Every structure is written in structure tokens, then in C-alpha cells.
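Good morning, and thank you for coming.

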Amino acid sequence: MAREGNCVRKSGSNAHRAASKKPYNERTDLEKLQSQWTKLSGLHGRDEPSAAIVRRATAAEIAANYAVRTEWAHKTQFDAAIVDQFLRWANGLPLKVERLFVPIYFATPKTSPVAKALIKSAEKINAVRNAVVHQGSFSSTQEAETVITEAKAFINMIVGLSIEGFDIDQKKPPAEGPIQATETPN
């Protein structure tokens, strides 16, 4: 940016951006997840709690997409296009978790504390998101903080089942790959 009197003029340069930045639609689920989380921090910092809640819900849903795609690739012979169709069919965070992820990951989903926690967290996140998106509710900064904390725990838990030590606040996630589950998955 260049200063001219009291005005600030943007330069045409995008030198501050990485030269190899991929278009959003060409990114992996984990790259999209990190991008959403980074944008969330900016919205929250600018005191835009309702927008931060929607962004957080989007990040949580991308994390669920990653988990579903990873588990279905490991445990079924469905191709990626069919799994993507299932994700569209599920339409929403709670259904993706409850109908697509939990039954294929956990051997005994009804008795698994982790499965129950994922389902409950997905429902909480979705309820607040839907209030903002479908009912036009405005959220407070405190409500956004609560939801961001819930989303962070959800994302770290669901992605952490596949990537040991995953932490959404790290700029570069650990290498992708399956890990040993602490509970016996299917």
C-alpha cells in the first residue's frame, strides 16, 4: 500500500500472498479446514460474532467431511464420487457425523463415549449456526467464544481420530494418515 496524503491506495501487488496458493476448490479438506479456521480468527478479531459462528460451523463440517472420506476410503470399496454423494445426501454436520462417520468408525457407537461426544458437539454447533443462518439471530461475542471453543474441540477430536496430535491451531497439520484408535473401530 502507498500513502498519498490522508488516503491509502492499494498496490496491485499480491506479494504478501504465497506464490503457490491453490484455488480454494483445488485444496484438500485439511487445507480448506485450515483456511476456514484462519478466516474465523480474523472475523472474531473484528468483532463479527455471527459471521465467526457461521465460519466455525463451516470449518467443523469440513472436518467431518475429511473424517468421513478418510474412513470410507479405508473401510469400504466405494469410490470417492459415491462418498461425495453420501456427504451431499447427509446435508449438515449432525447427519454427517451420526449417519456417515460414527457407524463406520466405532464398533459399538451406542456405548462409545467418543461417538456420543461427537454427536452431541455436532448438534450444539449446528443449532447455533442454524439460528444465525435460518432465523437471522445476531450472536454476542460471548456466544461466539463458546461456539468457537466447541468447534475447536470437535475438529481436533474428529480429525485427531485419523491424524495423531492434530491441532487446528497449528499452521501446518501433521502428516495425514491413519492412527491406531483408542477404541476399537469397525
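Before the helix pairs, a definition is required: an axis here is a line fitted to C-alpha atoms, for helices over the stretch in contact, and the angle between two axes runs from 0 to 180 degrees between N-to-C directions. Please also keep in mind that this is a predicted model.

Let me begin with the overall arrangement. The protein contains 6 helices and 2 strands, and along the sequence they follow the pattern β-β-α-α-α-α-α-α. Of the 186 residues in the protein, 38% are buried. If we take the contacts between residues at least 6 apart in sequence, 63% of them join residues at least 24 apart.

The largest nonpolar core has 40 residues. Within this core, the residues with the most contacts are Leu 33, Val 97, Phe 101, Phe 154, Ile 155, Ile 158 and Val 159. Two or more residues come from each of helix H1 (29-45), helix H2 (49-75), helix H3 (80-90), helix H4 (93-105), helix H5 (113-135) and helix H6 (141-160). The largest share, 11 residues, is supplied by H2.

Leaving aside residues up to four places away in sequence, Phe 154 touches Ala 60, Ala 64, Leu 93, Val 97, Leu 118, Ser 121, Ala 122 and Ile 125. There is also a second, separate core of 5 residues, which includes Ile 53, Val 132, Ala 144 and Val 147.

Next, the helix pairs. Two packed helices are described by the angle between their axes and the distance between the axes.

By class, the residues of the contact of H2 with H4 comprise 11 nonpolar, 1 polar and 4 charged.

The pair H2 and H3 packs at an angle of about 140 degrees, with the axes 10 Å apart; H2 and H3 are therefore oblique to each other. H2 passes H3 in a right-handed crossing. Asn 65, Val 68, Arg 69 and Trp 72 of H2 make this contact with Val 83, Asp 84, Phe 86 and Leu 87 of H3. The contact of H2 with H3 has 5 nonpolar, 1 polar and 2 charged residues.

For H3 and H4, the axes come within 8 Å and cross at roughly 130 degrees, and these two helices are therefore oblique to each other. Their crossing is right-handed. Phe 86, Leu 87, Trp 89 and Ala 90 of H3 contact Leu 95, Lys 96 and Leu 100 of H4. The residues of the contact of H3 with H4 divide into 6 nonpolar, no polar and 1 charged.

Let me stay with H4 for a moment. Its buried residues are Leu 93, Pro 94, Lys 96, Val 97, Leu 100, Phe 101, Val 102, Ile 104 and Tyr 105. Against which helices do the buried residues of H4 pack? They pack against H2, H3, H5 and H6.

Asn 91 lies in the loop between H3 and H4. Its phi is near 45 degrees, a positive value in a residue other than glycine, and at 62% relative accessibility Asn 91 counts as exposed.

Asn 126, in helix H5, is buried, with a relative accessible area of 17%. Not counting residues up to four places away in sequence, Asn 126 touches Leu 93 and Pro 94.

Finally, Gly 136 is found in the loop between H5 and H6 and is partly exposed, with a relative accessible area of 43%. Gly 136 and Ser 50 are 86 residues apart in sequence, while their C-alpha atoms are 9.4 Å apart in space.

How values were computed: Residues numbered from 1 in each chain as written. Predicted model: local features only at pLDDT ≥ 70, side-chain atom pairs only at ≥ 80, totals over all residues. Heavy atoms only, no water. Core = buried A, V, L, I, M, F, W, Y, C linked by side-chain atoms within 4.5 Å. Buried < 20%, exposed > 50% of the residue type's maximum accessible area, 1.4 Å probe, protein only. Helix = DSSP H or I, 4+ residues; strand = E, 2+ residues; numbered from the N terminus. Contact = heavy atoms within 4.5 Å. Nonpolar A, V, L, I, M, F, W, Y, C, P; charged D, E, K, R; others polar. Parallel < 35°, antiparallel > 145°, perpendicular 65-115°, else oblique. Left-handed = near helix turned anticlockwise from the far one by under 90°.
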